[in-house]
Amino acid sequence: MPWLCVEVQREFVDAGARNRGRLFLRSACQHRDCFAQERPHAAIVAPRTLIDIRCRRPPRSRRVSGGAVTNTDPILAEQLAYYRARAREYDKWFRREGLHDLGEERNARWRLELDRVFAALDAFASRGDVLELAYGTGEWTLRLAESATTVVGVDAAPEMRELALAKLQDAGKRNVELRVDDLFSWQPDQAFDVVFFAFWLSHVPENQADRFWRSVHDALRPGGRFFLVDAARAVPERNVVHGSQLADRDSATEFRRLEDGRAFRIIKRSLEPDRLARDLREHGLDVSAVETGEFFVHGLGRRA
Ligand SMILES: C[S@@+](CC[C@H](N)C(=O)[O-])C[C@H]1O[C@@H](n2cnc3c(N)ncnc32)[C@H](O)[C@@H]1O
């Protein structure tokens with residue numbers, strides 16, 4: 001039976017038999033009441049303590065939830081679980097290998113368009129204090145660290161952090177601090193000159209978009225700038241499970257699989273430059289966004 005390492009969400013005070021074990025973690029494993037079964041008599045546990053719980057029951061399905069950062073929304077928890085599990089194979093997406101191989105011609109096209117995004121980011125020149133949201137394996141972090149004074153990154157997957165740190169260390173970058181936190185509850189504790197996010201906005205559900213843009217606005221110094229890049233539209237990739245009953249276009253969810261066959265539900269919204277510009281104006285942010293052709297949309301803007 002698997003042991004799961006989970007993070008306690010808030011202090012648990014044993015307030016009598018009725019409440020025992022109930023105040024803890026939700027997305028520790030797929031069975032939300034596992035903790036209550038396994039540790040009914042814990043008296044006081046500080047928030048953010050890591051504890052092990054044992055799950056006695058078999059998984060409900062091959063879909064998994066949970067993470068070092070707990071999120072009580074099941075799909076956001078599952079999305080995070082997906083990226084945690086995918087961390088070691090993530091860079092194959094950049095390299096267009098394995099499940100991400102689109103064939104020679106389209107791989108070349110993809111790289112050409114990616115180079116256009118890199119060129120746009122170089123021209124943007126991320127100077128000063130830079131905040132990177134959802135840094136992943138650090139591919140973009142390396143670029144940001146070239147021109148920035150400091151880079152602070154926030155991502156909820158410790159597995160991603162480990163990989164990103166190794167890359168930064170190999171490249172001798174010392175001006176980067178990588179944090180592990182849940183961007184759906186994280187609040188900036190300092191102001192930045194630049195906020196950068198790659199392939200993150202499309203994973204923010206519609207009902208969180210307002211909060212997200214407010215946090216970008218609040219993280220920027222007046223006049224501060226942001227740069228975003230994301231998928232222009234759903235690129236038919238082999239890691240997307242097609243024809244699944246479970247995927248749901250209306251709620252912008254998609255099923256993704258890993259090399260080992262495990263499948264996870266994630267949020268995937270497509271971005272359209274004009275709509276983006278309209279939404280952002282409402283948040284006091286000006287943006288100019290363009291598509292690179294088939295694969296990417298990138299944009300830059302400024303806090304008024
Ligand atoms: C599509 S990847 C993008 C990674 C990187 N920016 C890139 O372009 O390669 C999405 C990233 O979001 C992170 N993530 C997922 N859920 C998160 C959450 N709730 N809070 C913070 N980061 C999260 C994942 O760990 C993953 O690194």
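**Exercise 1.** Find which residues of H5 meet which residues of H6.

*Solution.* Start with the contacts: Thr141, Leu142 and Ala145 in H5 meet Ala164, Lys167 and Leu168 in H6, a contact being two C-beta atoms, placed from the backbone, within 7 Å. By class, this contact has four nonpolar, one polar and one charged residues (nonpolar: Ala, Val, Leu, Ile, Met, Phe, Trp, Tyr, Cys and Pro; charged: Asp, Glu, Lys and Arg; polar: the others, Gly among them).

A word on the model: it is predicted, with local features needing pLDDT of at least 70 and side-chain atom pairs counting only at pLDDT 80 or more, while totals for chains, interfaces and linings use all residues. Residues are numbered from 1 along each chain as its sequence is written.

**Exercise 2.** Work out how helix H5 (residues 139-147) and helix H6 (residues 158-170) pack.

*Solution.* First, take the axes, which are 9 Å apart at an angle of about 40° (lines fitted to C-alpha atoms over the stretch in contact, with angles from 0 to 180 degrees between N-to-C directions).

**Exercise 3.** Give the strand order of the open sheet and identify its edges.

*Solution.* The seven strands run E7-E6-E5-E8-E9-E13-E12, with mixed pairing (strands pair if DSSP finds at least two bridges between them). E7 (176-180) and E12 (285-291) are the edges, each with a single partner strand, so one side of each lacks a neighbour in the sheet. Finally, the twist averages 15° from one strand to the next.

Note on methods
Helices (H or I, at least four residues) and strands (E, at least two) are DSSP runs, numbered from the N terminus.
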